[in-house]
Amino acid sequence: MNWIYEPWPWYIGGPFIALTLFLLLMVGKNFGMSSNLRTLCTLCGAGNTSEFFKFDWKAQRWNLVVALGVLIGGFIGAHFLSTDTAVAISSSTIENLNNLGFKSAGVGYLPEELFGSESFQNPKILLILVVGGVLVGFGARYAGGCTSGHAISGLSDLQLPSLLAVIGFFIGGLTMVHLLFPLIF
Amino acid sequence: MRTLSYLSIGIFFGITLFKSEAASWFRIYEMFRFESFHMYGIIGTALCLGILSTQAIKRFEINSFYGEKIEFKPKTKSVKRYLYGGFLFGLGWALAGACPGPMFALLGAGFYSIAIVIAAALLGTFLYGVLKEKLPHS
């Protein structure tokens, strides 16, 4: 059982994500994590400002429970099922990140330069995290789903809109990493 | 009972996201630089098995564990919202290195600065709700 404590290879991670989709379908629900952001907005009173947030949030309570589970799962994975959480990315990625100033590449789970304790104090880092988060939240709702809703469950259902969204995800990601990162970092 | 099943599925998914490193900013960056097969392997196998199980459920009209019909909601047919929204999502996914599922897993794992990203994602969702009528969707 020692493999559990090692980083999981893709051929374990992929099938387990497919199993998550299957189990959610089998309990009569759809896989989609970003819907929770909308539900949380409604819970915060956003229905007073926009019709978009006036919906029966109780029908989405099950999904909030899934999200709570994901949070607990992250805790279990990090604290009970890991000995070393360094992510062994490829040497060319490490070299590239080192050149951009990311010294934690190949050492940590997340870049210390963005998510370390300094991130709350450095205005530039704070801005990067906020802009990234706003784009994820805005884009996911605009596109009607995120990686789970489109790339996994939508494509599994052979939905053309999901293919368009995933193409959009990739154009956006490639633009950020190849065109914008050299300007930002 | 059902609530417990949702919680268990979430925990299983959260552990998977963390342990497979799909929740790592580094893996997302590496993926967009095409320097490793890892993320493509994860998404690829998840998708292949997802297609098989979804199509099997539809073809053989398999009922849920509770004996109910499993409903698939077709997405509304349009082009712009998926490409534009997807593009903006992709920019954020690469910058913050996390999509909505991994965000929750990372918070649980103890990376508290991800709370900034989650709060900002809520703000982004709120902005979409406010601006929805003014955006091209067709």
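Modeller: The model is predicted. H7(A) is mostly covered, with 10 of its 10 residues buried. These buried residues are Thr147(A), Ser148(A), Gly149(A), His150(A), Ala151(A), Ile152(A), Ser153(A), Gly154(A), Leu155(A) and Ser156(A). They pack against H1 and H8 of chain A, and also against two helices of chain B, namely H3 (38-59) and H5 (100-109). After H7(A) comes Leu158(A), which has a positive phi, near 55°.

The contacts with chain B extend beyond this helix. In total, 108 residues of chain A are in contact with 102 residues of chain B. Eight elements of chain A each supply at least two residues of the side that touches chain B: H1 (10-26), H2 (35-43), H3 (61-79), H4 (91-100), H5 (112-115), H6 (123-142), H7 (147-156) and H8 (160-184). By residue type, that side of chain A divides into 71 nonpolar, 34 polar and three charged residues.

For a contrast with the buried residues of H7(A), take Val131(A), which lies in helix H6 of chain A. Val131(A) counts as partly exposed because 18 other C-beta atoms lie within 10 Å, whereas a buried residue needs 20 or more. The C-alpha atoms of Val131(A) and Gly14(A) are separated by 29 Å, and the two residues are 117 residues apart along the chain.

Terms used: Residues numbered from 1 in each chain as written. Chains lettered and ligands numbered in written order. Predicted model: local features only at pLDDT ≥ 70, side-chain atom pairs only at ≥ 80, totals over all residues. Contact = placed C-beta atoms within 7 Å. Helix = DSSP H or I, 4+ residues; strand = E, 2+ residues; numbered from the N terminus. Nonpolar A, V, L, I, M, F, W, Y, C, P; charged D, E, K, R; others polar. Buried ≥ 20, exposed ≤ 12 C-beta atoms within 10 Å, placed from the backbone.
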